[in-house]
Amino acid sequence: MERLQNAQQFEQAIASSTPVVVKFFTTWCPDCVRMDQFIGEVIASYPQFTWYDINRDDVPDIAETYNVMGIPSLLVFQNGEKIAHLHSANAKTREQVEEFLQTIKS
């Protein structure tokens, strides 16, 4: 998963015609660490998506714009538009993440 460092990189990444998953995280979030334990396997199972992560604390304006109220959150973008959002409360397990990804048309 490639790390996005700033708003410019974020905007370039989400402009893709291929569905893009962006994981919003922070370094102090225990649920983010828990997700890191299984997200690599999920990424390998869903190669139709391009995967990025971004530290919510580095881009608070973007997080606010896209209603990232909890972390980790997975947002899916295509052609610059948010097409899906898995809120932190529903992103605790690999099964929850995979169930969410299966709803995305790619």
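Cys32 is buried, at a relative accessible area of 2%. Buried here stands for under 20% relative accessible area, exposed for over 50%, and partly exposed for in between, with a 1.4 Å probe and protein chains only. Cys29 is buried too, at 5%. The disulfide count is 0, where a disulfide is a pair of cysteine sulfur atoms within 2.5 Å.

This is a predicted model, in which local features need pLDDT of at least 70, side-chain atom pairs count only at pLDDT 80 or more, and totals for chains, interfaces and linings use all residues. Residues are numbered from 1 along each chain as its sequence is written, and side-chain values use heavy atoms, with hydrogens and water left out.

Lys23 sits in strand β2, residues 20-25. Helices (H or I, at least four residues) and strands (E, at least two) are DSSP runs, numbered from the N terminus. Lys23 counts as buried because its relative accessible area is 2%. Its contacts, not counting residues up to four places away in sequence, include Met35, Asp36, Ser73 and Leu74. Contact means heavy atoms within 4.5 Å. Met1 is also one of the residues that Lys23 touches.

Met1 belongs to the segment before β1 (2-4). Met1 is partly exposed, with a relative accessible area of 40%. Beyond four places in sequence, Met1 touches Lys23, Ile39, Ile43, Trp51, Tyr52 and Asp53. Met1 and Trp51 are 50 residues apart in sequence, yet their C-alpha atoms are 5.3 Å apart.

Where is Tyr46 placed? Tyr46 is in the loop between α3 (39-45) and β3 (50-55). Tyr46 is buried, at 9% relative accessible area. Neighbours within four places aside, Tyr46 is in contact with Trp51, Glu98, Leu101 and Gln102. Tyr46 and Gln102 are 56 residues apart in sequence and 9.2 Å apart from C-alpha to C-alpha. Their side chains make a polar contact at 3.2 Å. A polar contact is a pair of N or O atoms within 3.5 Å; within protein, one must be able to donate a hydrogen and the other to accept it, and residues adjacent in sequence count only if both atoms are side-chain atoms.

Glu98 lies in helix α5, residues 94-101. Glu98 counts as buried because its relative accessibility is 16%. Apart from neighbours within four places in sequence, Glu98 contacts Val42, Ser45 and Tyr46.

**Accessibility values**

| Residue | Relative accessible area | Class |
|---|---|---|
| Lys23 | 2% | buried |
| Met1 | 40% | partly exposed |
| Tyr46 | 9% | buried |
| Glu98 | 16% | buried |
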